[in-house]
Amino acid sequence: DLKPFTIRHIKYGVKADYARAFGMTVLNGISQVLGDKFDDRCKKAWGRLWTRVSSCVTRALNVGSNLVIVSLVQDDIDNFIEAMDCVPRGERFETLTKIDVNGEVVSPLDWSVMGGQVTIARWVIDDLCAIRADRNTYYYGRETMFETHPGLVSKICRQMPHLLDNMLDGLMWHASMVVDSRVRVNYYVREMYGIPTETV
């Protein structure tokens with residue numbers, strides 16, 4: 001299965017254009033190792049194998065090279081934000097938590113947290129935890145974030161504990177109006193603490 005292999009190479013910043021030159025280098029290396037045994041038949045077999053593997057990988061690299069993935073690879077927050085600005089509001093949460101790259105699901109949130117990309121990880125968490133609205137509905141990515149990343153809190157505690165404040169701030173909403181000297185505050189912590197009235 002070449003999918004995990006390809007995803008790793010997308011993360012390394014490998015481009016589909018590199019395949020031809022790399023293939024020639026690989027075949028040259030094999031010919032030097034095999035020496036006289038690298039006859040026409042052997043050369044043809046290795047050439048066929050490389051052609052098949054490289055075409056699969058090249059296709060996957062091209063599919064995986066959308067603007068969000070490219071900006072993650074480059075750790076470029078400005079391009080990442082620009083790429084996300086092109087994503088429709090109703091699709092933002094999906095894009096930030098799972099992108100299909102040739103059948104393999106990649107999470108920009110997980111990628112940035114595990115890859116130590118603090119600025120992008122902070123932006124993703126802030127964006128998922130922002131409450132937005134239009135005429136039709138409210139948008140809040142908290143549920144999608146926790147559904148697609150059930151161990152997120154412990155992962156952030158281990159990898160980027162300084163981002164916990166961003167997450168916890170995003171899990172709180174307060175009203176802008178004061179009523180009877182009080183401000184209404186909602187805490188969205190079900191995914192972390194559960195629901196006390198439910199039996200386990």
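V183 is partly exposed, with a relative accessible area of 40%. On that scale, buried means under 20% relative accessible area, exposed means over 50%, and partly exposed is what lies in between, for a 1.4 Å probe and protein chains only. V183 sits in strand β6. Strands here are DSSP runs of E with at least two residues, helices are runs of H or I with at least four, and both are numbered from the N terminus.

Before going on, a word on the model. It is predicted, so local features need pLDDT of at least 70 and side-chain atom pairs count only at pLDDT 80 or more, while totals for chains, interfaces and linings use all residues. Residues are numbered from 1 along each chain as its sequence is written, and side-chain values use heavy atoms, with hydrogens and water left out.

The chain averages a pLDDT of 84, and 91% of the residues score at least 70; pLDDT is the predictor's confidence in each residue, from 0 to 100.

V183 belongs to a nonpolar patch of about 460 Å², together with M172, V178, V185 and Y187. The elements that give two or more residues to this patch are β5 and β6, and β6 gives the most, with three. Patches are made of residues with over 30% relative accessible area and no salt bridge; nonpolar side chains (Val, Leu, Ile, Met, Phe, Trp, Tyr) are joined within 5 Å, like charges within 9 Å. A salt bridge is a side-chain nitrogen of Lys or Arg within 4 Å of a carboxyl oxygen of Asp or Glu. The areas come from the Shrake-Rupley method with a 1.4 Å probe, and for residues only the protein chains shown count as cover.

Between β5 (172–179) and β6 (182–187) there is a loop that holds D180. D180 has a phi near 50°, a positive value in a residue other than glycine, and is exposed at 71% relative accessibility. D75 also has a phi near 50°. D75 is in the loop between α4 (67–74) and α5 (77–85), and is partly exposed at 43%.

Next, the aromatic rings. How many aromatic pairs does the structure hold? There are three. Rings of Phe, Tyr and Trp (its six-membered ring) pair if their centres lie within 6.5 Å; planes under 30 degrees apart are stacked, over 60 edge-to-face, and the rest tilted. One of the pairs is F80 with W123, edge-to-face, at 5.6 Å centre to centre and 85° between the planes. F80 is in helix α5 and W123 in helix α8, so this pair ties together parts that are 43 residues apart in sequence. F80 is buried at 0%, and W123 is buried at 18%. Y140 and Y188 have ring centres 5.2 Å apart and planes at 70°, so that pair is edge-to-face. Y140 lies in the loop between β4 (138–139) and α9 (142–148), Y188 in the loop between β6 and α12 (190–193), so the parts tied together are 48 residues apart in sequence. Y140 is buried at 19%; Y188 is partly exposed at 23%.

Last, the cysteines. The whole structure has zero disulfides, a disulfide being a pair of cysteine sulfur atoms within 2.5 Å. The sulfur of C129 is 14 Å from the closest cysteine sulfur, in C157, which is too far for a bond. C129 is buried at 6% relative accessibility, and C42 is buried at 18%.
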